[in-house]
Amino acid sequence: MTDGSASDDPLADAEWPAETPRYRLVVPATASELASIELLATVLDESPRSPATATVRVGTGRRDDRDHIRHALADLAAHSDVAVGHEETSGTVPLTDGTFDALADVSPEIRTLVVRDDDGLALVTRRDERFTFALPDEAIEAVESSLPSSLRERLEVVS
């Protein structure tokens, strides 16, 4: 389990693919949670790099009594690198359809997320509702077209 120190922050050590532009988008709290999941799915679909793992910290644990959350946490906890505490869950899982579905179920509770490729390079990070992702110029158009205009206006280039 984590103690909340900076060394426990999976975003702190995220290395990005060289020569690939990065973008940032903050999904407002008023947007549906589906917007966050769709953004994550679109970025992963459009990336030329294959997502391999997801390191996540979720602000819920075994005390959560919502069935879909409990099932999602059980799916994540099936991986040895995941610790489920009373009020927090954290760890690293291979990114498969099943773990993506579990992450989608706990999405409103995600505090931090880093999706990496097989080389350990970050494809997308999320801290609460702030997403940062690396995509080549030709792929960003697909992400932009998938966003509602209110979110498209919030997309900004980081580097």
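Guide: What follows is a set of questions and answers on a predicted model.

Visitor: What makes α1 roughly antiparallel to α3?

Guide: The axes of helix α1 (residues 33–46) and helix α3 (residues 97–106) cross at roughly 150 degrees. Angles over 145 degrees count as roughly antiparallel, so the term applies to α1 and α3.

Visitor: Which residues meet where α1 touches α3?

Guide: From α1 come Ile 37, Leu 40, Ala 41 and Leu 44, and from α3 come Phe 100, Leu 103 and Ala 104. By class, this contact has seven nonpolar, no polar and no charged residues.

Visitor: How do you know how α1 and α4 are directed relative to each other?

Guide: The axes of α1 and helix α4 (residues 137–146) come within 9 Å and cross at roughly 160 degrees. The cut-off is again over 145 degrees, and α1 and α4 are therefore roughly antiparallel. The crossing is right-handed.

Visitor: Which residues of α1 meet α4?

Guide: Leu 39, Thr 42, Val 43 and Glu 46 of α1 meet Ala 139, Ala 142, Val 143 and Ser 146 of α4. This contact divides into five nonpolar residues, two polar and one charged.

Visitor: Why are the buried residues of α3 said to line one face of the helix?

Guide: Thr 99, Phe 100, Ala 102, Leu 103 and Val 106 are buried in α3. Seen down the axis of α3, the buried residues fall within an arc of 160 degrees, so they line one face.

Visitor: What covers the buried residues of α3?

Guide: The cover includes helices α1 and α2 (67–77), together with strands β2 (51–58), β4 (89–94) and β5 (110–117).

Methods:
Residues numbered from 1 in each chain as written. Predicted model: local features only at pLDDT ≥ 70, side-chain atom pairs only at ≥ 80, totals over all residues. Heavy atoms only, no water. Axes fitted to C-alpha atoms, helices over the stretch in contact; angles between N-to-C directions. Helix = DSSP H or I, 4+ residues; strand = E, 2+ residues; numbered from the N terminus. Parallel < 35°, antiparallel > 145°, perpendicular 65-115°, else oblique. Contact = heavy atoms within 4.5 Å. Nonpolar A, V, L, I, M, F, W, Y, C, P; charged D, E, K, R; others polar. Left-handed = near helix turned anticlockwise from the far one by under 90°. Buried < 20%, exposed > 50% of the residue type's maximum accessible area, 1.4 Å probe, protein only. Arc of directions from axis to C-beta.
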